[in-house]
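Let's take a walk through this one, beginning with a bit of helix packing and then zooming out to the rest. Keep the viewer open as you read.

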Amino acid sequence: MSALVKGAGAAGGRLAVAQRRPAAQRRTVKRAGFGLLMTLFVLASMFPFYWIVITSLKTQSEVNQGTTSLLPGHITWSNYITDFTKEDFIRPLLNSAVVALSTTILTVVIASLAGYALARTQMRGKTIVLGFILVANFFPIIAMVGPLFIAYRRLGLLNSYPALVISCLIYTIPLATWLLSSYFSQIPKSLEEAALVDGSSRLRTLRKVIMPVALPGVFTAAILSFMLTWNDFTFALSFMSTPDKFTAPLAIVNLGQSQYQTFYNLIDAAVVIISIPIALIVIFAQRRIVTGLTAGSFR
Amino acid sequence: MTVSKTATSPGPRTARAGGPPGGGYGRSLLAQDRRFGYALIAPVLIVLLAITAYPLVYNVWNSFHHDNLLIPYLRGFSGLTNYKELFTNDQFLPALVHTVGFTVVSVAIETVIGLSLAVALNKRFRGRGIVRAAIFIPWAVPTVVSAELWRSMFDPQQGFVNYLLSSLHLPLAHTTWLDGTWTAWTAILIADAWRNTPFVAIVLLAGLQAIPSDIYEAARIDGASAWRTFRKITLPLLKPALMVALIFRTLQSFLVFDVVYIMTSGGPGTATNVLAYLDWKAFLVATDFGYGGAVSVALVAFALIIAGIYTRVFRIEQPA
């Protein structure tokens, strides 16, 4: 669509005369309409981000005046500075990173083992296991909150990283296991046969021969696990009670609120900060995420 | 793109691929192979059972018992009290109505827009990669981001929505969105659709790309119109992908929590109260694990019903 940008503005004027024009020009109109539509979609999904970025760069008095322009006025970084110093937003970011990374590593390890078992051993009951994993993927997580709360309370795990990591496995394990088992089953069997003939144990073969070949799949599973855990709000809200243990999403909800006013510039600065890692991941690993997501959701 | 390959069921394929390397194992080697499999799958099974089966059983058990941390002296078997509570209090049934309404509207919006996006992105045009990434990003950000972002967009004084309406001289420019029943629902729906439509688009796009292009070639040669091609070829072949997108989105919408909690907390009053929020409050505000258990059991039952309806409606001959 070469007319994507150029044609978008002219679309309105051309539509009226489209009927009498020859086919070539009708096609131009069609292209322009398509370009306009795409521009609209991109605007709809990106404009809100632009909005929170400019809000996050406004001073408190500018915010209090209400919106007068779509352009950023006097740019100030003070909201970011306040978030990082007075609001101590670094701590929740670190908590989020610790929880997301631990969950990701744990997920990749145990989902690889399970994926290999499903793809390459003759264990019984594979269909049942796969069915259970699929159902678990749809389990209402809000229904887990009460019983897990009681269990963590008894185990003294409330307000701790392990409570969050264990809970977040519900986001990651079904998807990762499904993804990895389908990845492993595509690897030619001759590879591991050679290693096994050489006397390598199966666990060692899995680690040294299969995993390196399956690295793209493992990487995809890791990225998705990280994103899903980084995005968690429900479990953090339910199990983390002191601000020093809040994850970033939970901290944002408790940030910039006073009894009389909501400080959107402070909130939006934090929203920008927490979105950056995710935006980077999407930009650099988009194709991988899409493949993983569709492989994980298709049956 | 290996989407179409990975998209097919790992079930039968893994069963076929599961043979021992080299074949010709003896009986004991087969047993050994199986034991190895069980050992490898054990961690995942233990974890999943601990965080799904255990809560489910515990909820069922609790739903027949008094278990409120605030009323420690009242414990023990309660019969159907908690379930009777569901249908007699003034919370559950309204929340059920809200949840069903929200699910129907949000899934309808997301499917229509998601499908048109997927069809558009399936065409080749300059800048497609950028458009795809741009549309994709809202799905990837945390729900907290989408909820806070739209809360800030809908703020009556400082938000964008009222600014836009007033600069276009449209009515409603002074709406306090989150304070009215229908306006609050509008805001929630927009926030939810903004974040989740990309998911539908991605899944449907993968489905579209799996359709072989020679079918379209044949339709074009036969002189089929674009609309007819879409209805007679694209839609039927897109059914599996459509089902995946719909099941995921319907169940997620039905269990909507984050957006409601952050944007309205179920308000104004209880106008946007939904089942998941009700359940969460029963557990962690009222600490009534008996009643919360009953709500949870209801949620699981509804989820099963939804999944059952979809598999029945979409019962299609699986492509070979």
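Start in chain B, where helix α11 (residues 226-254) of chain B packs against helix α14 (residues 289-313) of chain B at an angle of about 160 degrees, the two axes being 10 Å apart. Helices here are DSSP runs of H or I with at least four residues, strands are runs of E with at least two, and both are numbered from the N terminus. Axes are lines fitted to C-alpha atoms, for helices over the stretch in contact, and angles between N-to-C directions run from 0 to 180 degrees. That angle makes α11(B) roughly antiparallel to α14(B); the label covers angles over 145 degrees, while under 35 is roughly parallel, 65 to 115 roughly perpendicular, and the rest oblique.

Before going on, a word on what you're looking at: it's a predicted model, where local features need pLDDT of at least 70 and side-chain atom pairs count only at pLDDT 80 or more, although totals for chains, interfaces and linings use all residues. Residues are numbered from 1 along each chain as its sequence is written, and chains are lettered from A and ligands numbered from 1 in the order in which they are written.

Back to the helices. α11(B) passes α14(B) in a right-handed crossing (clockwise; left-handed means that the near helix is turned anticlockwise from the far one by less than a right angle). Which residues meet there? From α11(B) come Met243(B), Leu246(B), Ile247(B), Thr250(B), Leu251(B) and Phe254(B), and they meet Phe302(B), Ala303(B), Ile306(B), Ala307(B) and Tyr310(B) in α14(B). Contact means that the C-beta atoms, placed from the backbone, lie within 7 Å. By class, this contact of α11(B) with α14(B) has 10 nonpolar, 1 polar and no charged residues. Nonpolar covers Ala, Val, Leu, Ile, Met, Phe, Trp, Tyr, Cys and Pro; Asp, Glu, Lys and Arg are charged, and the others, Gly among them, are polar.

α14(B) has another partner: helix α13 (residues 275-284) of chain B packs with it at about 155 degrees, with axes 8 Å apart. α13(B) and α14(B) are therefore roughly antiparallel to each other, but their crossing is left-handed. On the α13(B) side the contact includes Leu275(B) and Asp279(B), and on the α14(B) side Phe289(B) and Gly292(B) are among the residues involved. The class count for α13(B) with α14(B) is 8 nonpolar, 2 polar and 1 charged.

Now zoom out to the two chains: 91 residues of chain A are in contact with 85 residues of chain B. On the chain A side, the largest share, 17 residues, comes from helix α14 (residues 264-297) of chain A. That side divides into 60 nonpolar, 22 polar and 9 charged residues.

Chain A itself is divided into domain 1 (6-81) and domain 2 (83-297), with bounds from an automatic or database domain assignment. Their C-alpha centres lie 35 Å apart, and the contact takes 10 residues from each of domain 1 and domain 2 of chain A.

How far to trust all this? The model scores ipTM 0.85 and pTM 0.86. Chain A averages a pLDDT (the predictor's confidence in each residue, from 0 to 100) of 84, and chain B has a mean of 85. Over residues 1-18 of chain A the pLDDT is below 50. Where pLDDT is low, the predicted coordinates should not be read in detail.
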